[in-house]
Amino acid sequence: MSGRLSAGGALDRFNTAPPGEAEQDLLACCASSVWARRIAAGRPYADLPAVLTQADRATAELSWPEVLAALGAHPRIGERASGSGPQAEWSRREQAGVGAASGTALAEANRAYEERFGHVFLVFASGRSDVELLAAARERLGNDEDTERAVVRHELGRIARLRLERLLA
């Protein structure tokens, strides 16, 4: 986040920011340039629910290669994001429930998932324990490709919404 957005007038500042700045802020929420452009292009928004509705629509309209590009910005569950930007900070906060004790089991689940589906295991981790996340990974290993793609898109949308709410809070 560029630092322009803060409580009180965040939506107003977002609505009036130059397109490139708005897109940069949005990329911290979802690392898809297509997603960021679609939301920035919809400005001005009357309120946060209008932005979130557009975010949901933009997520639903992403092609699978665009979803994969967005996944590239997410660390594996159990691995801490590096960097100092808002995306890394939010990721660390979202994975706060992951303890060191489950590290090996989560690493094995991540590896099995990536071998099966060819991309990082993405899950809405905020408020969930390492036990819950491990169970989710193991359960989703049983999904077929189409089912898992739908789950990944849903999880990506949930994460993007949470981050967008933080951005515009």
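In this predicted model, α4 and α9 are roughly antiparallel to each other, because their packing angle of about 155 degrees falls in the range over 145 degrees that counts as such. The axes of these two helices are 10 Å apart. The chain as a whole has nine helices and zero strands, and 45% of its 169 residues count as buried.

**Overall architecture**

- From the N terminus on, the order of elements is α-α-α-α-α-α-α-α-α.
- Among contacts in the chain with a separation of 6 or more, 66% are accounted for by residues 24 or more positions apart.
- The peptide bond from R43 to P44 is cis, and its omega is near 0 degrees. P44 is located in the loop between α3 and α4.

**Packing of α4 and α9**

- Two packed helices are described by the angle between their axes and the distance between the axes.
- The crossing of α4 with α9 is right-handed.
- On the α4 side, the residues that meet α9 are L48, V51, L52, A55, D56, T59 and A60. Their counterparts in α9 are R153, G157, R161, L164 and E165.
- L164 has contacts with V51, L52 and A55, and also with L26 and C29, when its neighbours within four places in sequence are left aside.

**Packing of α5 and α9**

- The axes of α5 and α9 come within 11 Å of each other and cross at roughly 55 degrees. That angle makes α5 oblique to α9.
- This crossing of α5 and α9 is left-handed.
- The residues of α5 that make the contact are W64, V67, A70 and L71, and those of α9 are R149, V152, R153 and L156.

**Nonpolar core**

- The largest nonpolar core comprises 45 residues. Within this core, the residues with the most contacts are F14, L26, W35, I39 and L164.
- Two or more residues of this core come from each of α1 (10–16), α2 (19–27), α3, α4, α5, α7, α8 (130–140) and α9.
- The most is given by α9, which supplies seven residues to this core.
- In α3, the buried residues are V34, W35, A36, I39 and A40. The elements that cover them include α1, α2, α4, α5 and α9.
- W35 and I39 are thus both buried residues of α3 and among the residues with the most contacts inside the core, where membership requires burial, that is, under 20% relative accessible area.

**Salt bridges**

- E61 is paired with R38, and their closest N and O atoms are 3.7 Å apart. Because E61 lies in helix α4 (residues 48–61) and R38 in helix α3 (residues 33–41), the pair ties together parts that are 23 residues apart in sequence.
- Both partners are partly exposed: E61 has a relative accessible area of 45%, and R38 has a relative accessibility of 28%.
- E114 forms a salt bridge with R76, with 2.7 Å between the closest N and O atoms. E114 belongs to helix α7 (residues 103–117) and R76 to the loop between α5 (64–71) and α6 (86–94), so this pair ties together parts that are 38 residues apart in sequence.
- E114 counts as partly exposed at 22% relative accessibility, and R76 likewise at 33%.
- R149 forms a salt bridge with E145, and the closest N and O atoms are 3.3 Å apart. These two residues are four residues apart in helix α9 (residues 145–167), which means that about one helical turn separates them.
- R149 is partly exposed, with a relative accessible area of 33%, and E145 is also partly exposed, at 32% relative accessibility.

Key
Residues are numbered from 1 along each chain as its sequence is written. This is a predicted model: local features need pLDDT of at least 70, side-chain atom pairs count only at pLDDT 80 or more; totals for chains, interfaces and linings use all residues. Side-chain values use heavy atoms; hydrogens and water are left out. A salt bridge is a side-chain nitrogen of Lys or Arg within 4 Å of a carboxyl oxygen of Asp or Glu. Buried means under 20% relative accessible area, exposed over 50%, partly exposed in between (1.4 Å probe, protein chains only). A nonpolar core is a set of buried Ala, Val, Leu, Ile, Met, Phe, Trp, Tyr and Cys residues joined through side-chain atoms within 4.5 Å. Contact means heavy atoms within 4.5 Å. Axes are lines fitted to C-alpha atoms, for helices over the stretch in contact, and angles run from 0 to 180 degrees between N-to-C directions. Angles under 35 degrees count as roughly parallel, over 145 as roughly antiparallel, 65 to 115 as roughly perpendicular and the rest as oblique. A crossing is left-handed if the near helix is turned anticlockwise from the far one by less than a right angle, and right-handed if clockwise.
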